[in-house]
Amino acid sequence: QVFADKAVPSWREQLTLRALVVSALLAVMFSVIVMKLNLTTGIIPSLNVSAGLLGFFFVRLWTSAFERMGLIGQPFTRQENTVIQTCVVSAYGIAFSGGFGSYLFGMSDTIAKQATEANDAWNIKEPHLGWMIGFLFLVSFIGIFALVPMRKIMIVDYKLTYPSGTATAYLINGFHTPEGAKLAKKQVKILGRYFMVSFFWGFFQWFFSGGDDCGFKNFPTLGLEAYKNRFYFDFSPTYIGVGMICPHIVNVSVILGGIISWGIMWPLIGKKKGSWYPASLPESSLHGLQAYRVFISIALILGDGLYNFVKVLIRTIAGFISMVQKNSKAMLPVSDNGSPTAEAMSFDDERRTELFLKDQIPMAVAYGGYAVVASISIGTLPQIFPQLKWYYILVAYVVAPVLAFCNAYGSGLTDWSLASTYGKLAIFVFGAWAGLANGGVLVGLAACGVMMSIVSTASDLMQDFKTGYLTLASPKSMFISQVIGTSMGCVISPCVFWLFYKAFSDIGTSGTEYPAPYAIVYRNMAILGVDGFNTLPANCMTLCYIFFAAAIAINLIRDLTPHKFSRFIPLPMAMAIPFYIGSYFAIDMFLGSFILFVWEKVNKAKADAFGPAVASGLICGDGIWTLPQSILALAKVNPPICMKFLTRGDNVKVDKFLGG
């Protein structure tokens with residue numbers, strides 16, 4: 001009712017040129033940030049607040065510049081703000097669902113060499129800009145069409161909460177009130193300040209990184225022995241910011257996982273060299289110590305994923321049945337003309353529903369779009385991946401809408417998207433169907449991409465529809481902005497990845513700045529799907545079973561105990577991440593969490609208002625520094641100084657060598 005006296009612009013007026021220009025600018029910015037996170041640890045926090053805040057800031061900047069020139073521009077509305085938000089989130093979402101840090105890069109020779117099994121030409125596809133853009137255009141749009149016919153059922157009839165979409169809507173609505181605009185201005189100032197600090201800190205660090213294992217990123221803050229076991233603070237503003245955004249329990253779980261793996265398990269298993277696995281193998285071999293790191297991590301991820309998949313599926317089915325029973329007096333609506341629920345509506349809900357149903361997306365567009373895109377994909381994808389037969393894709397597209405509905409309904413209830421779990425399921429099903437001799441590893445990874453893209457995009461679209469419903473944005477403008485944002489992402493994300501790939505020669509290699517941990521994890525899942533467990537070293541499978549069961553048990557205990565106790569029980573999925581790559585980023589995240597915790601104790605109101613802005617500034621500044629860093633690397637401009645740390649004994653030897 002606060003906005004009752006303001007006219008709602010038509011869907012065409014919501015899709016402005018400035019909205020698309022600002023969206024493109026922010027899409028590039030956030031794609032770089034997400035790509036960096038993808039290729040370092042694979043932990044991607046929600047960047048919705050940052051995108052909403054920066055979208056609001058840039059359009060206000062645009063309108064004030066026009067006013068200074070004496071030009072009267074169109075007023076900036078919350079509907080236009082929602083269009084920008086939708087466009088940006090769908091664009092940088094491709095940087096995650098496109099698999100550049102997981103299944104797509106897992107196809108490459110770089111990752112195949114580390115996996116040792118199934119590394120023949122039939123199971124490898126090297127990254128190339130052309131086919132990556134084509135692949136993303138083929139698989140990313142089908143999810144947009146899959147659930148359009150269900151939007152009224154999900155949003156109006158079943159009133160699913162979609163917590164992320166709802167939170168984003170309240171954020172945008174708040175910006176467009178006088179008090180909210182003042183707060184947003186202060187938040188942008190804070191974000192800008194920490195952006196500059198983070199950017200110039202990245203620039204300063206670069207000067208000292210002129211060689212392998214050089215610079216602040218390799219600073220043995222906890223001693224050289226701890227550094228060898230990947231326990232050190234690497235001065236990363238990005239992960240301090242991530243720690244401030246992620247819940248405290250996630251940060252504690254990550255550091256606990258690092259202590260259990262690198263602090264206890266790997267040193268103990270390392271002592272079994274020559275007994276459990278050949279002593280002659282290098283540490284990076286997947287027949288040696290590396291196998292325990294990778295496969296125990298996979299066991300935790302699969303155990304956690306399976307438990308949550310079953311839990312969300314049960315909740316989805318139970319919620320669906322209760323909704324059907326609740327509306328049993330009316331027919332189950334199957335289109336925008338379905339029967340309305342008999343519940344009394346508030347003024348807000350009446351207004352929202354009226355406008356949400358006003359600009360309908362024709363059913364012919366939804367069904368026809370799905371059929372056309374699916375047909376093109378079925379005919380074209382086998383040209384990119386000859387191993388991926390047309391009937392595999394047909395089966396995926398027949399099953400996908402059902403899985404997309406389950407995921408969208410589940411995320412509406414719990415805010416938990418299981419897109420990556422559906423992708424892993426596709427790896428095992430399609431990989432085993434094809435078999436190793438027929439390129440099963442590549443088939444599994446490509447099928448993962450198809451399934452993950454559809455399920456993820458469909459769920460994101462429903463979150464956007466919920467945001468639009470609460471901000472009175474037209475579903476038509478939301479749908480079009482999602483299509484435009486997805487198109488941007490299909491071009492921007494591969495180009496950003498290509499920049500990283502060409503600028504950093506050791507990308508994807510364990511122990512480097514960009515290890516892309518999930519690429520090796522996804523490839524090994526595909527190998528397990530087609531090759532079984534025969535090649536693993538002694539006791540590795542036993543430990544995998546133990547950790548798989550432990551992940552399920554921990555989740556079960558979390559769900560069965562009261563909240564006052566369960567909030568202290570760690571998350572197995574978060575614990576699994578440092579098992580493979582080490583704990584250096586976990587220390588950064590824990591520090592970020594600790595800073596926010598202390599800030600909340602000192603002044604909770606300020607921490608709640610400005611904490612996300614500080615975190616976003618740290619993440620954005622360090623992330624954007626990657627662009628000039630990549631350009632310098634491509635131009636063969638190397639840092640002038642190597643700052644390295646040695647033991648006293650090694651230092652004496654170096655001094656003698658240089659003196660001699």
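Tutor: Contact here means heavy atoms within 4.5 Å, and helices (H or I, at least four residues) are DSSP runs numbered from the N terminus. This is a predicted model, in which local features need pLDDT of at least 70 and side-chain atom pairs count only at pLDDT 80 or more, while totals for chains, interfaces and linings use all residues. Residues are numbered from 1 along each chain as its sequence is written, and side-chain values use heavy atoms, with hydrogens and water left out.

Student: Which residues of helix 18 meet helix 19?

Tutor: Helix 18 contributes A419, S420, Y422, G423, K424, A426, I427, F430, G431 and A434, which meet residues of helix 19 including G440, V443, G444 and L445.

Student: At what angle do the axes of helix 18 and helix 19 cross?

Tutor: Axes are lines fitted to C-alpha atoms, for helices over the stretch in contact, and angles run from 0 to 180 degrees between N-to-C directions. For helix 18 (residues 419–434) and helix 19, the axes cross at roughly 150° and come within 7 Å.

Student: Is T166 buried or exposed?

Tutor: Buried means under 20% relative accessible area, exposed over 50%, and partly exposed in between, with a 1.4 Å probe and protein chains only. T166 has 17% relative accessibility and therefore counts as buried; this residue is found in helix 9 (residues 163–175).

Student: What does T166 touch?

Tutor: Leaving aside residues up to four places away in sequence, T166 touches T161, K466 and L470.

Notes. Helices (H or I, at least four residues) and strands (E, at least two) are DSSP runs, numbered from the N terminus.
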